Amino acid sequence: MTERLTEVAGVRAVSLGGSRARGAHRPDSDWDLGVYYRGTVDTGALASLAAGITGGPVEVAAPGDWGPWVNGGAWLRVDGVAVDWILRDLDRVERVWEQCRQGRYEVGAQAGHPLGFWSPAYPGEVALCRVLADPGGELTALREETRRYPEALREALTAASWEAEFSVAAAAKSAGAGDALHVSLCLARAFGLLTQALFAHHGEWCLNEKGALAGAAALRDTPEGFAERVSQALRTLDRGAVEQADEVVREVRALWA
């Protein structure tokens, strides 16, 4: 499949990502293929290829159809197995990587990412992927670069954890009024910021919210009971939850104070 994908106009490389690339998959986990292109990609040719593989019509989302950060792609069923094609603009990934090296990043609204899409995920995906097809060696070269986490990005993301304190303070104002939606959003935002900061503190790439809490809890120096305390706070959403969140924020931020 990867060899045939690289024959499509615009496609430069194909990678295996997600849990299968990291060896953390379950038997029912999807196969996530990153389809890296430059310029424009022939989505009609991709649709034809997908139809030939699956034996039926497949809708391929063009760049932008799924939102500003998850470019597009397709969801396939191949012999009963879920295989996802995820389009990635290699030029854009390289630009984001250069920004990360300078300590700059963006957080954009994106379907499927309730806490937003954090731009460092682009180079993080490359760093953690398995390159399957790369005729020009472009993705392989970028992967070697991204395996070293930028110090400037580490400093920027840990510094940004100040907002976690702000979010918890905002939650405190709503907890007494029983505004569960606002409390939950504020606390989720705070814990998401802490999770990003913990990964950055240790020079580890955080790709999305899924599994991030457990991943952060497993990092060295993470406060004891981090995942359990976060989970409890998000379940209760009362004044006690806000107090616990405040305590967790202070303990985490003390790591780089």
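How many nonpolar, polar and charged residues are in the lining of the second largest pocket? I come to that count below, after some notes on the model.

**Entry 1: the model**

I am working with a predicted model, in which local features need pLDDT of at least 70 and side-chain atom pairs count only at pLDDT 80 or more, while totals for chains, interfaces and linings use all residues. Residues are numbered from 1 along each chain as its sequence is written, and side-chain values use heavy atoms, with hydrogens and water left out.

**Entry 2: the second largest pocket**

I looked up the second largest pocket, which holds about 280 Å³ of space. A pocket is an open set of points on a 1 Å grid over the protein atoms alone, with protein on both sides within 12 Å along at least five of seven lines, and lining residues have an atom within 4 Å of a point. The volume is the space filled by probe spheres set on the points, and grid points are joined across faces, edges and corners.

I noted 20 lining residues for the second largest pocket, and Leu115, Gly192, Thr195, Glu209 and Ala212 are the closest to its centre. Two or more lining residues come from each of β6, α9 (180-201), α10 and α11 (226-236). Helices are DSSP runs of H or I with at least four residues, strands are runs of E with at least two, and both are numbered from the N terminus. Helix α9 has the largest share of this lining, seven residues.

Now the count: 12 nonpolar, six polar and two charged residues make up the lining of the second largest pocket. Here Ala, Val, Leu, Ile, Met, Phe, Trp, Tyr, Cys and Pro count as nonpolar, Asp, Glu, Lys and Arg as charged, and the others, Gly among them, as polar.

**Entry 3: the largest pocket**

The largest pocket has a volume of about 1300 Å³. I found 43 residues in its lining, with Gly18, Ser19, Asp32, Asn208 and Lys210 the closest to the centre. Among the elements that each supply at least two lining residues are β1 (11-17), α2 (18-22), β2 (31-37) and α10 (212-217). By class, the lining of the largest pocket has 18 nonpolar, 14 polar and 11 charged residues.

**Entry 4: cavities**

I searched the whole structure and got two cavities of 30 Å³ or more. In a cavity, a 1.4 Å probe fits but cannot get out.

The largest cavity has about 40 Å³ of space. Its lining includes Pro120, Tyr149, Leu157 and Trp205, and α9 gives the largest share, three residues. Seven of the lining residues of the largest cavity are nonpolar, one is polar and one is charged.

The second largest cavity has a volume of about 30 Å³. Tyr105, Trp118, Leu157 and Ala160 are among the residues that line the second largest cavity. Here too I wrote down α9, which gives the most to this lining, with three residues.

**Entry 5: two helices**

How do α4 and α5 lie, roughly parallel or roughly perpendicular? The axes of α4 (residues 90-101) and α5 come within 8 Å and cross at roughly 105 degrees. The axes are lines fitted to C-alpha atoms, for helices over the stretch in contact, and angles run from 0 to 180 degrees between N-to-C directions. The two helices are therefore roughly perpendicular, a term for angles of 65 to 115 degrees, whereas under 35 counts as roughly parallel.

In this contact (heavy atoms within 4.5 Å), Arg92, Val93, Val96, Trp97 and Cys100 of α4 meet Tyr122, Pro123 and Val126 of α5. I sorted these residues into seven nonpolar, no polar and one charged.

**Entry 6: single residues**

Serine 174 lies in α8 (residues 162-175). I read its relative accessible area as 11%, so serine 174 is buried. Buried means under 20%, exposed over 50%, and partly exposed in between, with a 1.4 Å probe and protein chains only. Leaving aside neighbours within four places in sequence, serine 174 is in contact with Asp179, His182 and Val183.

Arginine 22 is in α2. With a relative accessible area of 47%, arginine 22 is partly exposed. Beyond four places in sequence, arginine 22 is in contact with Leu128 and Leu207.

I also checked phi. Most residues other than glycine have a negative phi. Aspartate 79, in the loop between β3 (73-78) and β4, has a positive phi of about 55 degrees. Aspartate 79 is exposed, at 79% relative accessible area. Aspartate 221, in the loop between α10 and α11, has a positive phi near 75 degrees.

Technical notes: Parallel < 35°, antiparallel > 145°, perpendicular 65-115°, else oblique.
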